[in-house]
Amino acid sequence: MNKEEILYRIKECGLVAVVRAETKEEAFKIVDACIEGGVCAIEITYTVPGATEILKELSSEYTDEEIILGAGTVMDAETARVAILAGARYIVTPYLNKDVVYLCNRYRVPCMPGAMTIKEVVECLEAGADIIKVFPGEVLGPEFIKAVRGPIPYASLMPTGGVDLENVSQWIEAGAVAVGAGGSLTKGAKSGDYRSITETAKEFINKIKLARG
């Protein structure tokens with residue numbers, strides 16, 4: 001699956017599951033639950049112990065058609081390259097690191113750096129970002145996306161942090177191309193209730209579709 005196809009699928013579904021699992025087994029169970037719920041993209045964050053090995057095992061277990069695996073909380077180009085070699089199909093960072101964006105563009109891997117000001121959004125665009133992660137979402141709110149898209153309507157923005165079932169419609173209606181959901185989606189894993197992840201994913205996707213009209 002090439003870069004354009006990956007970006008199309010992420011935007012079409014509109015939901016990226018942000019995984020901060022404590023073990024490989026937990027990560028696999030969350031992935032299974034998300035797939036069943038219709039999620040097309042999973043982001044394994046590099047705050048997870050053994051994230052590289054988890055990416056390797058997940059990429060050997062699942063096809064791109066089943067789930068598009070990505071790496072999150074990537075702080076530098078070295079980590080980005082390791083993650084790509086391990087099977088990550090897109091890279092997400094909490095801030096703009098131009099070396100990460102250049103590396104991803106070199107290998108035609110979608111890159112989603114974080115931004116929280118209009119200046120940072122423009123800098124991400126100039127560096128060649130594919131989607132700009134609006135972060136932290138709970139601080140900025142849906143109004144930020146609406147405000148940015150006034151002067152910069154061509155910016156592809158994806159909020160992460162603070163996105164839940166109560167406000168996901170507001171983010172989409174404001175112009176977000178997709179949303180990243182972490183604890184609000186995967187919290188059931190803490191109690192072993194993976195079924196709730198599946199049901200929550202379905203609710204997220206349904207609300208995204210309705211918000212898009």
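What is the handedness of the crossing of α2 and α3?

Tutor: The model is a predicted one, and in it the crossing of α2 and α3 is right-handed. Two packed helices are described by the angle between their axes and the distance between the axes. Here helix α2 covers residues 24-36 and helix α3 covers residues 51-61; their axes come within 10 Å and cross at roughly 40°. An angle of that size makes α2 oblique to α3, because the roughly parallel class takes in angles under 35 degrees and the roughly perpendicular class runs from 65 to 115.

The contact itself can be listed by residue. From α2 come K24, A27, F28 and V31, and from α3 come I54, E57, L58 and E61. By type, the residues of this contact divide into 5 nonpolar and 3 charged, with no polar ones.

Helix α3 also holds T52. With a relative accessible area of 18%, T52 is buried, because the cut-off for that class is under 20%. Leaving aside residues up to four places away in sequence, T52 touches Y46, V82 and A86. Of these, A86 falls within α4, which spans 77-86.

Next, the cysteines. A disulfide is a covalent bond between the sulfur atoms of two cysteines. Searching the whole structure gives 0 disulfides. For C34, the closest cysteine sulfur belongs to C13 and is 9.9 Å away, too far for a bond. C34 is also buried, at a relative accessible area of 0%. C124 is likewise in no disulfide, and the nearest cysteine sulfur to C124, that of C111, lies 8.5 Å away. The relative accessibility of C124 is 0%, so C124 counts as buried.

C111 comes up again among the neighbours of I131. I131 is in the loop between α6 (118-127) and β7, and is buried, with a relative accessible area of 0%. Not counting residues up to four places away in sequence, I131 touches L7 and K11, then C111, M112 and P113, then S156, L157 and M158, and also V177. A separation is given for I131 and V18 as well: they are 113 residues apart in sequence, and their C-alpha atoms are 16 Å apart in space.

That leaves the backbone. Most residues other than glycine have a negative phi, and most peptide bonds are trans. The peptide bond from F135 to P136 is cis, its omega being near 0°. P136 sits in the loop between β7 (132-134) and α7 (137-140). T73 is not a glycine, yet has a positive phi of about 55°; the loop that holds T73 runs between β3 (68-72) and α4 (77-86). R108, also not a glycine, has a positive phi of about 55°. R108 is found in the loop between α5 (98-106) and β5 (111-112). At 43% relative accessibility, R108 counts as partly exposed.

To return to the request: α2 and α3 cross obliquely, with a right-handed crossing, and the two helices meet through nonpolar and charged residues.

How values were computed:
Residues numbered from 1 in each chain as written. Predicted model: local features only at pLDDT ≥ 70, side-chain atom pairs only at ≥ 80, totals over all residues. Heavy atoms only, no water. Axes fitted to C-alpha atoms, helices over the stretch in contact; angles between N-to-C directions. Helix = DSSP H or I, 4+ residues; strand = E, 2+ residues; numbered from the N terminus. Parallel < 35°, antiparallel > 145°, perpendicular 65-115°, else oblique. Left-handed = near helix turned anticlockwise from the far one by under 90°. Contact = heavy atoms within 4.5 Å. Nonpolar A, V, L, I, M, F, W, Y, C, P; charged D, E, K, R; others polar. Buried < 20%, exposed > 50% of the residue type's maximum accessible area, 1.4 Å probe, protein only. Disulfide = S-S within 2.5 Å.
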